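Me: I have a model open and would like to go through it with you. Could you take my questions as they come?

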Amino acid sequence: MRIAYTCQDISVAGGLERILVDKANAMAARGHDVCMIVNNPPGSRSAYALHPDVKFVDISLPQPEGLYGTLRFKWRQNAAIRRALKSFRPDIVVGVPSWLTWSILFAPARLVLESHNARSMVFISERRSAYKRLKVAVAERRAAAVVALTREDAAAWTNTASVKVIPNFSNVACAENGATRHGAVAVGRLVEQKDFSLLIEAWGIVAQRHPDYPLRIFGEGPLLEDLSQRIATAGLEKSVALEGRTSDVAAIYAASDFLVMSSAHEGLPLVLIEAMQCGCPCVATDCKCGPREIISDGSDGLLVPYRDLSQDERARALAEAICRLIENPEQRRNFGAKARENAARFSKENIMDRWEQLFKDITACG
């Protein structure tokens with residue numbers, strides 16, 4: 001098969017960008033012809049390495065200012081994507097709601113729309129949400145399949161002919177027996193969605209009971225200064241550290257007692273899957289979507305009440321769950337062993353088998 005993956009910008013070290021590159025690489029390794037089409041900012045480098053057999057097309061057009069500049073940019077971008085698709089001649093074009101150009105929507109191939117976040121959150125930060133809603137509606141109706149990461153999100157895609165649920169995989173390489181574990185860890189982009197401000201607020205409560213227990217937050221993003229100020233204002237400099245980006249996340253999971261995820265919304269959080277595969281139990285907010293389809297509450301980790309609660313109630317609930325794991329090392333160990341076992345369903349081989357079968361079914365239909 002000939003498969004074209006599209007993503008607006010893979011110079012950003014984010015979960016969506018990483019998993020799309022991982023899937024493209026996996027399909028190329030399975031012998032398929034694969035193309036990755038992106039529009040990285042001029043002069044930037046991709047954050048993730050591509051398989052040598054993946055054809056890489058970087059349009060590399062700069063984002064303009066003003067209405068005229070934007071219109072000209074859109075026209076040039078669509079023309080460049082059309083040329084790339086015409087040259088590659090794909091059987092399948094994979095698109096994501098965050099980057100739906102008209103050239104992708106009406107490509108001469110079967111369209112597969114990947115939903116990487118809760119459908120209700122697709123338009124939350126859009127300045128031109130009506131225009132974005134139109135493109136998503138067209139994609140939903142034209143797609144040979146919409147693929148959601150969770151059953152909860154799949155139920156929201158009601159205007160398409162076919163909805164499939166295929167979770168993301170994790171290919172993080174974890175040792176069977178980790179290093180001596182100590183402290184909590186959080187991993188993610190420093191953006192509003194991840195709600196690290198909630199975690200810092202909760203940690204202020206945790207620190208009253210466990211003043212010397214450390215939390216390390218790994219990630220980069222626009223809220224770095226804001227979060228640094230929140231940590232300082234709360235007097236948590238000795239227990240909470242912003243560590244920046246890490247190149248060895250598996251080692252971080254293996255060295256931590258547990259992972260904390262405080263997100264306001266998700267698609268299917270890979271950090272939970274990765275940590276669990278490394279035997280690191282997780283405490284996560286029960287936000288839309290994903291955590292409740294990964295963690296078995298009270299068996300391999302803890303889900304924290306989140307929906308319909310106030311910010312103060314969320315912080316106190318999260319702090320209580322964190323303290324529960326700090327104070328119960330035997331429960332942490334039991335959770336970790338069960339987490340490693342349960343996370344096997346998210347293996348790369350299992351998930352890519354499902355993707356390959358979906359593409360075969362779609363192309364066989366016409």
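Reply: What follows is a conversation about this predicted model, from the overall fold down to single residues.

Me: How many helices and strands does the protein have?

Reply: There are 12 helices and 13 strands.

Me: What are the overall dimensions of the C-alpha trace?

Reply: Along the principal axes, the C-alpha trace spans about 60 × 45 × 40 Å. The radius of gyration is 21 Å, which agrees with the value near 21 Å for a compact globule of 366 residues.

Me: And how much of the protein counts as buried?

Reply: Of the 366 residues, 52% count as buried. The accessible surface comes to about 16400 Å², and carbon and sulfur atoms account for 48% of that surface.

Me: What share of the contacts join residues at least 24 apart?

Reply: That share is 65%, taken among contacts between residues at least 6 apart in sequence.

Me: Let us move to α12. Which of its residues are buried?

Reply: The buried residues of α12 are I351, M352, W355, E356, L358, F359 and I362. They lie on the same side of the helix, because they cover an arc of only 160 degrees around its axis. As a general point, an α-helix has 3.6 residues a turn, so residues three or four places apart point the same way.

Me: What is on the other side of α12?

Reply: E349 and A364 are exposed there.

Me: Which elements do the buried residues of α12 pack against?

Reply: They pack against the helix α1 and against the strands β1, β4, β5, β6 and β7. As for its length, α12 covers residues 348-364 and reaches 24 Å from its first C-alpha to its last, close to the 24 Å expected.

Me: α1 came up there. Is it mostly covered or mostly exposed?

Reply: α1 is mostly covered, with 11 of its 15 residues buried.

Me: β1 is on both packing lists. How many of its residues are buried?

Reply: In β1, 5 of the 6 residues are buried. This strand pairs with β2 (residues 33-38) in the parallel sense, over 6 bridges. Within that pairing, R2 stands opposite D33 in β2.

Me: Which strand do 3 bridges join to β12?

Reply: That strand is β11 (residues 258-261), and β11 and β12 run parallel. L259 stands opposite C282 in β12.

Me: Where is the cis peptide bond?

Reply: The cis bond joins K288 and C289, with omega about -20 degrees. C289 is in the loop between β12 and β13. In general, most peptide bonds are trans, and most residues other than glycine have a negative phi.

Me: On that topic, what is phi at S60, and where does S60 sit?

Reply: Phi of S60 is near 55 degrees, a positive value in a residue other than glycine. S60 is in the loop between β3 and α2. With a relative accessible area of 27%, S60 is partly exposed.

Me: And D195, buried or exposed?

Reply: D195 counts as buried, at 10% relative accessibility. Its phi is positive as well, at about 50 degrees, although D195 is not a glycine. D195 lies in the loop between β8 and α6.

Me: Last one: E341, buried or exposed?

Reply: E341 counts as exposed because its relative accessibility is 52%, and the cut-off for that class is over 50%. E341 lies in helix α11. The C-alpha atoms of E341 and M276 are separated by 8.3 Å, although these residues are 65 residues apart along the chain.

Key:
Residues numbered from 1 in each chain as written. Predicted model: local features only at pLDDT ≥ 70, side-chain atom pairs only at ≥ 80, totals over all residues. Heavy atoms only, no water. Helix = DSSP H or I, 4+ residues; strand = E, 2+ residues; numbered from the N terminus. Expected span 1.5 Å × (residues − 1). Buried < 20%, exposed > 50% of the residue type's maximum accessible area, 1.4 Å probe, protein only. Arc of directions from axis to C-beta. Contact = heavy atoms within 4.5 Å. Rg over C-alpha atoms; globule rule 2.2 N^0.38 Å. Areas by Shrake-Rupley, 256 points an atom, 1.4 Å probe, with all protein chains shown as cover. Pairing = 2+ DSSP bridges.
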